[in-house]
Amino acid sequence: MKIDNFTCNHDSDFPKILKAKWMWLSNEYVRPYEVEPYYTGYSSPQFKKEFELQGNIKRAIAYVSALGAYEIHVNDRRIDDSYFNPGWTDYRKRLTYQTYDISELLKNGNNVITASLGDSWYRGFIIFHDRNYGDIPLKLLFQLQIEYEDGTWEIICSDESWKGGTGPIVYSDYQLGERYEPVECEDDSFYCLPVVSEWDEKLNQILVPQLGPPIRVHKIMDLFVVTWLNDSTVVLNTHQNISGFLSCELYGLSKGNCITLEYGEMLNADQTVYTANLRTARQKDYYVALGRDGETFTPHFTSHGFQYVQISGISKEIFERSTWKAVALSAGCERTGFFTCGDEKVNKLYSNLYWGQVDNFSAVPTDCPQRNERLGWTGDAQIFCGTGCYNMDANTYYQKYCMDMADSQFDNGAIGDVVPLLYGTDGIVFFEKGNGAWADAVIIIPWKLYLFYGNIEFLKKYYETMKRFITFLIENAVNHVYKRADYGDWLSVNEETPRELVAAAYAAYDLSLMEKIAKLVGNKEDASYYHEQFELFKRAFNREFVKDDYTIYGDTQTDYLLILQFHLAMNKKAEKEFAKHLVRKIEENDNHLSLGFVGISYLMPVLCRYGYSKIAYDLLLTESYPSWLYSVVNGATTIWERWNSYTIEGGFGDIAMNSFNHYSLGSIGEWMYSGCGGIMPDEDMPGFKKVHIRPYSDVRLRYCRVSYNSYAGMFESSWKYEGDKVKYEFTIPVNTEAYIYLSDVISVRGATFCRNEDGTEVYLAEEGKVTFEVLYKM
Ligand code: BGC
């Protein structure tokens with residue numbers, strides 16, 4: 001299935017007439033390089049074109065796509081600051097092209113365009129091996145349309161008139177790293193290979209404009225020396241786990257000196273960089289010096305997940321004369337949310353989950369940026385999506401991922417567990433499909449986009465994809481219980497939620513969303529069908545898993561969270577009982593959480609909703625294992641994959657699967673905005689045109705300030721404890737309808753009392769500043 005016309009934020013004006021041919025270097029010229037046994041990298045094909053401008057130009061627009069990633073220079077200047085274009089899609093179904101206005105880069109007279117290609121997701125290593133999308137050579141499509149001031153046009157296209165070569169990039173693999181052996185700038189004698197070109201209708205058919213923001217430089221960071229391991233090896237620390245690489249300007253090296261940069265997230269006890277958790281990813285760059293002062297090295301088609309870098313092959317003197325910067329990359333989404341409170345450890349937790357998003361917002365939302373996965377796991381994406389949308393304007397970013405999900409849809413309607421799908425060298429699809437809490441992303445993410453951005457058009461466009469998926473769930477359920485869940489409440493500790501229960505709860509939840517979505521897209525018939533199905537699934541869930549005493553099969557914290565969060569209880573009494581069981585389970589677990597990727601997201605909102613916000617804050621502030629702050633007090637700068645990725649007693653967790661930059665357990669971010677700050681969108685007037693502000697405060701934080709810059713304007717919500725009062729202050733943008741929910745109000749400015757709801761006072765706020773004083777009962 002193909003979905004077109006997604007919102008895209010590039011002003012793309014697809015060439016009315018595509019003239020360019022796809023060009024490449026024949027396989028015989030691409031040099032293999034044995035990185036180490038079993039891992040071969042390939043030299044980067046490079047292309048060069050010189051041309052004369054015929055007069056003064058009005059504008060020059062370049063359209064570019066590739067099989068593989070491309071980097072283009074016009075007169076020695078990078079075409080723009082984005083990386084790894086054309087990004088990652090299912091290259092068998094869709095390939096994006098990018099549009100660049102390069103008028104400023106051209107000059108009168110002679111102009112030179114050079115292009116390099118890297119293996120990237122198209123042909124490089126991903127998880128077990130390379131070439132997941134086939135063994136076709138890397139190819140470039142380039143079309144430059146020049147409009148002269150006198151109204152005439154000229155088109156420069158990729159074709160066999162370009163010169164080809166394999167230059168200084170010996171290999172550059174996204175996961176393995178890069179080896180770079182520069183040549184003198186004026187020496188371009190390597191452009192001596194013939195270029196092959198061909199019109200490729202099949203590829204042209206799958207071209208679509210850039211979707212969502214490309215990967216850009218997020219931040220340039222300083223590095224600090226940890227230690228010199230010996231005379232020629234130094235270990236550096238960025239103080240922040242990032243996704244990117246080092247960029248350096250070198251002085252004092254002799255021709256042929258090779259420096260090695262090895263990247264990792266942690267240090268071993270002997271202060272060497274810890275790489276045991278990378279599995280088959282290598283994260284090593286090599287630079288062979290020219291011996292010229294001021295030579296620079298920035299890798300081209302590789303990225304590393306790291307906080308530490310071990311540089312070898314360099315003396316102290318050369319190190320000090322040279323400059324070293326860490327470059328953090330991320331898909332360029334604008335920041336929209338801020339959180340700060342009176343507890344520095346909670347602030348650090350917030351910073352860690354924010355950075356988790358920065359680092360994992362790659363061409364697709366990834367599970368992690370360092371080991372050999374870096375995959376678009378649907379479960380991780382859906383559980384973090386709410387947090388992601390508060391932190392950043394992630395509208396087009398997630399829309400692009402939704403398109404990837406649609407491309408991953410199987411004939412029976414199931415969605416892949418990783419998106420884009422990987423095909424493997426022999427055409428076998430990697431990973432499973434249709435698993436509970438993972439594949440449901442295909443409904444949950446578009447629903448979040450509707451809530452956050454009011455994007456109903458997107459729901460309409462995407463409706464058929466969601467419908468096919470929900471049909472798959474209905475058809476594969478046995479007596480209205482869908483049971484497929486390979487992962488369940490992934491990486492929970494101390495207890496395991498029955499996996500089929502997770503799948504069954506999610507399927508019912510999906511149906512409740514589909515009922516709303518069908519109404520929104522104007523399909524009443526579907527809406528009533530999904531309503532009936534939801535009722536059947538809900539009843540079946542209760543029949544299958546709930547006992548007479550309101551305990552649930554498995555009796556885990558996540559059990560109770562799922563039934564409450566997804567509104568699957570049969571009545572109010574049952575709801576209250578489930579909430580009590582949840583509290584019992586927390587107490588039985590020594591007042592600690594036991595949750596994995598799934599349950600964790602619902603813990604805080606559910607506890608607060610049922611009157612247990614004190615317990616929610618107890619858990620937030622717990623520092624002993626397992627807890628959010630456990631990683632914080634142990635030095636984390638991002639969210640760890642496991643509660644015990646590292647423990648003081650046990651050291652590093654299981655190296656078979658242990659990342660220090662997995663954002664899923666950081667999905668508490670959504671509650672920090674919507675619980676601590678209380679800012680929540682409304683289903684009927686989405687995009688924050690109508691807002692419910694229900695802050696849960698706690699004296700142990702002393703104060704809290706949250707802001708969210710929505711499409712409807714900037715909302716701010718803050719509270720602070722002062723004597724026997726809690727002082728609240730809100731900022732409400734114009735043309736929005738904001739309801740504020742508080743209890744024991746002493747004074748109000750800028751809001752009118754509306755009603756009482758179960759002991760909570762509800763106020764309608766005016767625009768601008770609104771303040772409340774509330775009695776603090778100790
Ligand atoms: C990934 C996860 C993913 C999981 C599925 C792991 O290897 O890193 O984040 O969701 O597999 O269970």
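Which side chains meet in a salt bridge at 2.8 Å, N to O? Keep that in mind while looking at these close-ups of a predicted model.

**View 1. Glu 432 and Arg 484 meet in a salt bridge.** These are the two side chains asked about above, with N to O at 2.8 Å. The pair ties together distant parts of the chain, 52 residues apart. Glu 432 sits in the loop between α6 and α7 (441-453), and Arg 484 in the loop between α8 (456-476) and α9 (499-520). Glu 432 is partly exposed at 36% relative accessibility, and Arg 484 is partly exposed too, at 33%.

**View 2. Asp 526 pairs with Lys 467 in a salt bridge.** Here the closest N and O atoms are 3.0 Å apart. Helix α10 (residues 524-545) brings Asp 526 and helix α8 brings Lys 467, 59 residues apart. Asp 526 is buried, with a relative accessible area of 11%, whereas Lys 467 is partly exposed at 24%.

**View 3. Glu 588 and Arg 584 form a salt bridge within helix α12 (residues 572-588).** Because they are four residues apart in that helix, about one helical turn separates them. Glu 588 is exposed at 52%, while Arg 584 is partly exposed at 22%.

Methods
Residues numbered from 1 in each chain as written. Predicted model: local features only at pLDDT ≥ 70, side-chain atom pairs only at ≥ 80, totals over all residues. Heavy atoms only, no water. Salt bridge = Lys/Arg side-chain N within 4 Å of Asp/Glu carboxyl O. Helix = DSSP H or I, 4+ residues; strand = E, 2+ residues; numbered from the N terminus. Buried < 20%, exposed > 50% of the residue type's maximum accessible area, 1.4 Å probe, protein only.
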